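Please open the model in your viewer and keep the sequence panel beside it. The tour below goes from one selection to the next and says what to look for at each stop.

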Amino acid sequence: RHLDRIAEVDDRVHAFLHVDPEGALAQAAESDARRARGEARGALDGVPIAVKDVLATRGLPTTCGSKILEGWIPPYDATVVTRLREAGLPILGKTNMDEFAMGSSTEYSAYGPTRNPWDLDRIPGGSGGGSAAAVAAFEAPLAIGTDTGGSIRQPGAVTGTVGVKPTYGGVSRYGLVALANSLDQAGPVTRTVLDSAMLHDVIGGHDPRDSTSIDQEWPSFTDAATAGATGDMTGVKVGVITELAGDGWQPGVMARFQDSVDLLVKAGAEVVEVSCPSFVHALAAYYLILPAEASSNLAKFDAMRYGLRVTPEGSPSAEDVMRATRDAGFGDEVKRRIILGTYALSSGYYDAYYGQAQKIRTLISRDFDAAFGQVDVLVSPTAPTTAFKLGEKLDDPIAMYLNDLATIPANLAGVPGISVPNGLADEDGLPSGLQVLAPALADDRVYRVGAAVE
Ligand code: GLN
């Protein structure tokens, strides 16, 4: 039925870059057979899923939304994908994204934008707009996204879906084509908090193939979401982040946020204001650290190893081929960040830019430490606005970056966060989201509180 739905709506939504009907049906048939024998591998055995095109899938194209990877078929699965297969989830296909996950609207995909199912003239958020739109348009019940600076949570907010960025190290990055290694985390995109929790239980946990993977036992997030669904928040202390509200925030988004806070109070939570003064510098630090890491990661696309190769006329040198391939294969935003990143890392400027940004990163972690000394979770709106119109911010990269204001601090500090739909803004009738952040390793709290306010 989901494949039928994709056939029916995806020419308009364009959530998918690649659909794999045969593979998905074969996996579904195996799942049916297991269920008939009473050997289902868990509650999600047979539930189809869409996967963001930044995760390697054996035998299925993986483009990262870029022309430079056109035609590349990975010979291996990302660990997240292996775990999905082992748990019996049929993979419907690969979802659209901003090129190499750089963007907040999915308009930087080299394969054309995804549209927001709520209003096809609007963006579905980014970079994981494809995964969020697929879930919002009922093309997939579950999806996987990746969140380096909000790319799961912000698309969740603007499409009315649930999105979770786990604690850094909670979900394996093996086979996730790196944008910024110190910030990237894969996570669930779903329609309910319980669905996200169940999916997190499947994909999370230690992986020896990722050196930053945390080696510990995690509690059941399914249990945490189930406990939260009773709606009792007695004894839970919630901090409203002073810096993530006010001028520049859409009034309808702020009104829904206030509703969420009122709901928490009614559920018995104690709500206080908490200041995180360094958060106002998060965006500036992120847009130096991320390009620095990305410029290094993207060096491997050298026309020799993967996908596209453009050979100029005459007798070109290896360097000529590399230059022509990278010129044709990368889009403007990717080139912009490579230039920014190599500049920030160059020896004369290292202390002025990258060094400063790393110091701000430390201050942001300290803000979180201080805040979590006082409260159990922090809340804010997930994004400052509802979905904007396609094209609206395309010529203004800074305006596009500003949409990540509320989501980026969590990536810089490695803490977990969820975006839960909290209603529609009055002025445009479009979804907004509540962000709940918890200390590193306490992902269970985002599920508990998320399920209580859902
Ligand atoms: N908007 C962020 C950026 O452009 C999103 C990054 C991400 O989470 N993949 O960098």
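A residue is called buried here if 20 or more other C-beta atoms lie within 10 Å of its own, exposed if 12 or fewer do, and partly exposed in between, with the C-beta atoms placed from the backbone. This is a predicted model, in which local features need pLDDT of at least 70 and side-chain atom pairs count only at pLDDT 80 or more, while totals for chains, interfaces and linings use all residues. Residues are numbered from 1 along each chain as its sequence is written. Helices (H or I, at least four residues) and strands (E, at least two) are DSSP runs, numbered from the N terminus.

Select F138 first, in the loop between α4 and β4 (142-146). F138 has a positive phi of about 60° although it is not a glycine, and it counts as partly exposed because 15 C-beta neighbours lie inside 10 Å. Now move to F100, which lies in the loop between β3 and α4. F100 also is not a glycine and has a positive phi, of about 50°, but with 29 C-beta neighbours inside 10 Å it counts as buried.

**A cis peptide bond**

Stay with the loop between β3 and α4 (129-136), and select S127 there. The peptide bond that leads from G126 to S127 is cis, with omega near 5°.

**Strand β3 and its partners**

Next, select strand β3 (residues 91-95), which is mostly covered, as 5 of its 5 residues are buried. Two strands are taken to pair if DSSP finds at least two bridges between them. Strand β1 (residues 16-19) pairs with β3 in the antiparallel sense over 3 bridges, and V19 stands opposite G93. Strand β2 (residues 49-52) pairs with β3 in the parallel sense over 4 bridges, where G93 is the bridge partner of A50.

Which helix holds A197? A197 is found in helix α6 (residues 193-203), and it counts as buried because it has 29 C-beta neighbours inside 10 Å. Contact here means that the C-beta atoms of two residues, placed from the backbone, lie within 7 Å. Not counting residues up to four places away in sequence, A197 touches F221, T222, A224, A225 and Y447. From there, select A224 in helix α7 (residues 221-228); leaving aside neighbours within four places in sequence, A224 is in contact with A197, P219, D444, Y447 and R448. D444, Y447 and R448 are among the buried residues of α15. Helix α15 (residues 443-453) is largely enclosed by the rest of the structure, because 11 of its 11 residues are buried.

**The nonpolar core**

A nonpolar core is a set of buried Ala, Val, Leu, Ile, Met, Phe, Trp, Tyr and Cys residues joined through C-beta atoms within 7 Å. The largest one has 131 residues, and I49, L55 and V436 have the most contacts inside it. Helix α9 (residues 282-297) gives the most to this core, with 10 residues. Finish on V436, whose contacts, leaving aside neighbours within four places in sequence, include V377, V379, V446 and V449.
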